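Try each task before reading its solution.

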Amino acid sequence: MKDNEAIAQKYGRVLTPLTRISRLYLIVASLLAGIVFWSVFAFGYQYYWGLGRTGMGHPVSWALYLVNFVFFIGISHAGALVSAVLRITHARWGTPFGRIAEAVTVFALAAGPTNILFDLGRPIRFYWVALHAQFKSPLLWDFTCIMTYLVGSTIFLYVLLIPDIGFLRDRFSGRRWFYKPLSLGWAGTKRQWQTIGKVIAFLCVAVIPLAVSVHTVVSWVFGMQTQPMWHSTIFAPYFVTVAIFAGIATIIIVTVIFRKV
Amino acid sequence: MYRWGMVIDLDRCTGCQACVVACRQENNIPFGGEKEAKLGRAQFWMNLISEVKGTYPNVEMHFIPIPCMHCDKPPCTKVCPVEATYKNPEGIVAQVYPRCIGVRMCISNCPYTVRYFNWHAPSWPEEYKKGLNPDVYRRRKGITEKCNFCIQRIRRAKEKAKKEKRKIRDGEVIPACVETCPSEALYFGDLNDPKSQVSRLSRSRRAFRLLEDLGTEPKVSYLKEGEWYEG
């Protein structure tokens with residue numbers, strides 16, 4: 001446990017936010033909570049009065065919701081992909097970005113498809129896409145890919161977090177009930193490190209095709225429309241490349257904020 | 001098996017919009033109003049598009065009524081993730097209203113733009129409500145709707161024909177738009193029956209289909225204007 005204390009001293013700056021709440025955090029959190037409550041109200045309003053309240057019409061049937069969706073899917077790309085590529089190429093300098101990138105992926109993926117939910121005429125029935133699947137529809141595959149990617153990147157983030165959760169379990173004995181099941185009995189033995197190394201290597205390879213599939217599917221959903229200017233196959237490579245740029249940019253921005261805080 | 005189709009004679013069409021009104025009456029299509037129409041939310045299962053050619057005094061008016069084309073290879077049915085729209089065995093591209101979840105992908109995938117979305121709960125003026133057709137489902141908000149060749153009339157005719165153990169005769173069942181057309185520009189019938197008026201007219205030399213190069217194979221054909229013989 002002495003070793004543990006030394007680590008705690010070293011990473012004090014990272015660990016303090018877990019025990020103490022700063023004023024800045026409270027301000028930011030309340031601001032964001034305000035936005036969330038406002039959105040919940042707005043969604044209820046739209047749900048009750050119909051989708052017409054959004055101001056969408058026939059030629060503009062994709063408005064802010066779809067833009068938001070594509071934006072979040074785009075920035076979600078880089079996260080897991082960048083982190084996986086950095087790990088596969090053994091780029092040591094990239095390790096600190098890995099965690100940020102994966103977290104960005106998971107949260108962006110949680111935010112993106114929610115917009116699709118708002119965009120539906122009857123959002124309460126969204127699960128019918130899974131129940132009454134029509135396999136020719138690109139939207140079904142869109143749904144499948146995004147859900148697979150969300151699950152995949154959540155597992156990826158979680159597996160990488162296991163050693164840290166194990167450490168936290170030893171550090172905060174009062175929160176054992178929370179960390180103990182999550183750490184899956186992590187003790188830091190050599191054999192455990194070997195196993196987790198294998199799992200991470202497998203997940204790194206698995207996440208890359210998943211990320212590419214999500215972006216090709218999303219872009220082809222747009223490309224398949226018989227709308228002028230949209231009916232094109234170039235969208236898939238375009239979305240993938242743009243997503244990589246946008247995602248890396250997001251990681252840089254988030255990193256800068258983290259460094260300031 | 002029937003294969004329903006329509007033929008629209010553009011030479012006979014006077015642009016009176018009686019078909020539009022009849023369709024609205026038959027199928028309980030809600031009124032949008034001017035404000036909604038400007039946002040592109042007006043619902044016309046049967047729509048009349050007009051075109052003005054030339055300048056005064058040499059002005060030409062052209063009209064083209066546009067119902068759902070009921071394509072043999074419909075691009076709209078393939079993209080629905082929940083199979084709320086499908087081509088039924090008689091060739092009608094039908095919409096299952098309770099199944100629809102309002103994805104609106106079929107709307108943006110229809111090259112003829114004949115699918116309409118219920119942006120609000122449908123509403124009618126109070127005095128109009130008594131005139132609503134009880135045979136037709138009143139759509140709710142958040143689902144897509146479209147022309148279905150007055151499928152309720154076809155069903156009734158089929159039941160009657162079944163009772164009398166015969167096939168539906170040519171001209172026995174017609175949608176509201178065909179029934180009401182004062183200049184008799186619209187024809188409706190079975191395309192599988194080579195002797196029916198519709199199948200004869202759709203094979204005539206004047207016949208053409210809209211956006212044929214897309215390969216959707218519409219079952220609504222038009223007869224060209226200005227050629228005064230029938231093939």
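The model used here is predicted.

**Exercise 1.** Describe how helix 5 and helix 7 of chain A are arranged.

Solution. 
- Step 1: Two packed helices are described by the angle and the distance between their axes.
- Step 2: The axes of helix 5 (residues 95-119) and helix 7 (residues 138-171) of chain A come within 9 Å and cross at roughly 150°.
- Step 3: Angles over 145 degrees count as roughly antiparallel. Helix 5 and helix 7 of chain A are therefore roughly antiparallel to each other.
- Step 4: The crossing of these two helices of chain A is left-handed.
- Step 5: Among the residues in contact are A:Val106 and A:Leu109 in helix 5, and A:Leu150 and A:Leu157 in helix 7. By class, the contact between helix 5 and helix 7 of chain A has ten nonpolar, three polar and one charged residues.

**Exercise 2.** How many residues of chain A are in contact with chain B, and which helix of chain A gives the most to that side?

Solution. 
- Step 1: On chain A, 27 residues are in contact with 27 residues of chain B.
- Step 2: Helix 6 (128-131) and helix 7 of chain A each supply at least two residues of this side.
- Step 3: Helix 7 of chain A gives the most, with four residues.
- Step 4: The side of chain A that touches chain B divides into twelve nonpolar, twelve polar and three charged residues.

Methods: Residues numbered from 1 in each chain as written. Chains lettered and ligands numbered in written order. Predicted model: local features only at pLDDT ≥ 70, side-chain atom pairs only at ≥ 80, totals over all residues. Axes fitted to C-alpha atoms, helices over the stretch in contact; angles between N-to-C directions. Parallel < 35°, antiparallel > 145°, perpendicular 65-115°, else oblique. Left-handed = near helix turned anticlockwise from the far one by under 90°. Contact = placed C-beta atoms within 7 Å. Nonpolar A, V, L, I, M, F, W, Y, C, P; charged D, E, K, R; others polar.
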